[in-house]
Amino acid sequence: MPMNWPEKIIFCEVGPRDGLQNEKTTLSVEQKISLIEGAAEAGVPIIEIGSFVNPKAVPQMADSDEVAKRLRRLPGVEYRALVANIKGVERALAAGITKVKLTLSASESHAKANLNKSVGELLKGFEECAAFARENGAEVSGAISTAFGCPFEGKIPVERVASIAGRFVEDLGVTELSLSDTTGMANPRQVYDRASHMIEKFPQVKWFLHLHNTRGMALANIVAGMNAGVIRYDASLAGLGGCPFAPGASGNVASEDVLHMLREMGIESGIDLDKMIALARRLQQWVGHDTDSAMLRAGPCGGTACAGK
């Protein structure tokens with residue numbers, strides 16, 4: 001593949017939502033707010049602050065309403081939240097959220113496990129969600145989960161992913177989409193080929209990559225994604241995360257690992273790496289266990305103090 005590096009990437013911190021939703025330890029509202037505000041102060045331009053879903057299904061997100069209402073918002077930072085139905089959209093907007101994200105799976109089996117509905121049923125409900133959000137001044141983004149592979153169905157054909165993307169664009173009017181590697185099954189060649197295909201087929205879409213590090217290939221997959229032309233990436237502080245409804249869905253790629261790699265490659269993010277490392281270390285202490293973060297394992301030489309040594 002050709003080596004085409006972007007000058008700058010756009011980064012989204014998903015730790016407050018995807019990072020915490022699968023944790024046994026539930027953080028307090030104050031801790032969640034500290035995490036979100038800390039990321040914003042470090043320069044993160046997009047933060048996924050939580051999800052407005054059934055609290056019985058995802059109890060770690062039950063207090064997203066209070067978090068959103070009490071959050072101190074910095075100018076220029078986008079605070080978005082995941083929703084699954086019209087009730088979720090109503091809750092999010094009432095809490096002051098101005099951007100909601102809708103997720104469709106490329107796998108029927110995962111859709112049933114995740115939201116207990118078929119892809120077609122979810123799409124029908126999402127049309128109402130998107131219309132209601134826009135009527136009330138909110139933006140709508142989307143994500144395609146299991147875009148590279150499914151724990152139930154195995155390999156997912158690129159044509160199926162493109163079909164889901166087409167429904168987002170044509171039926172829901174969404175032009176910002178994430179390709180999500182829900183269980184970390186992607187490899188660099190697949191990411192390069194799939195991302196290139198989607199960019200060519202849907203040039204009007206702002207593409208994100210949401211990668212998990214289950215098999216240790218997330219950073220390599222980001223390199224492949226950048227070479228395909230993707231400049232927007234999700235990651236989670238301390239490498240926390242995983243889907244409660246997808247077997248084997250371990251943590252997201254760690255934000256501090258991604259930002260360190262980008263810094264060493266000379267690719268701008270506008271984010272203070274040392275502040276993010278400190279925030280990730282604090283989060284690791286809060287959840288009470290080691291996490292999949294190379295930068296936290298690196299210790300004192302993880303930040304800028306040892307740069308060039």
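Predicted model: local features only at pLDDT ≥ 70, side-chain atom pairs only at ≥ 80, totals over all residues.
Local features here need pLDDT of at least 70 and side-chain atom pairs count only at pLDDT 80 or more, while totals for chains, interfaces and linings use all residues. Residues are numbered from 1 along each chain as its sequence is written, and side-chain values use heavy atoms, with hydrogens and water left out.

At the start of α8, a side-chain oxygen of Asn187 comes to within 3.1 Å of the backbone nitrogen of Arg189.

Buried residues (under 20% relative accessible area with a 1.4 Å probe and protein chains only; exposed is over 50%, partly exposed in between) in α8 are Gln190, Val191, Tyr192, Arg194, Ala195 and Met198. Their cover includes α7 (158-172), β6 (176-181), β7 (206-211) and α9 (218-228).

Turning to α9, eight of its 11 residues are buried, so this helix is largely enclosed by the rest of the structure. Those eight are Ala218, Asn221, Ile222, Ala224, Gly225, Met226, Asn227 and Ala228. They pack against β6, α8, β7, β8 (232-235) and α10 (255-265). Just after α9, Gly229 takes a positive phi of about 110 degrees.

**Buried residues in loops**

Gln21 sits in the loop between α1 (15-19) and α2 (29-41), and with 7% relative accessibility it counts as buried. Its side chain makes a polar contact of 3.0 Å with that of Asp18. For such a contact, a pair of N or O atoms must lie within 3.5 Å; within protein, one must be able to donate a hydrogen and the other to accept it, and residues adjacent in sequence count only if both atoms are side-chain atoms. Gln21 and Val58 are 37 residues apart in sequence, with their C-alpha atoms 6.5 Å apart in space.

Thr146 lies in the loop between β5 (139-145) and α7. This residue is buried at 0% relative accessibility, and its phi is near 50 degrees, a positive value in a residue other than glycine. Ala238, in the loop between β8 and α10, also counts as buried at 0% relative accessibility. Although not a glycine, Ala238 has a positive phi of about 65 degrees.

**The nonpolar core**

A nonpolar core is a set of buried Ala, Val, Leu, Ile, Met, Phe, Trp, Tyr and Cys residues joined through side-chain atoms within 4.5 Å. The largest one has 96 residues, and Phe11, Ile47, Ile144, Phe168, Leu179 and Leu283 have the most contacts inside it.

| Charged residue | Ring | Distance to ring centre |
|---|---|---|
| Arg73 | Tyr79 | 5.7 Å |
| Arg80 | Phe208 | 5.4 Å |

Terms used. Lys NZ or Arg CZ within 6 Å of the ring centre and 35° of its normal. Helix = DSSP H or I, 4+ residues; strand = E, 2+ residues; numbered from the N terminus. Contact = heavy atoms within 4.5 Å.
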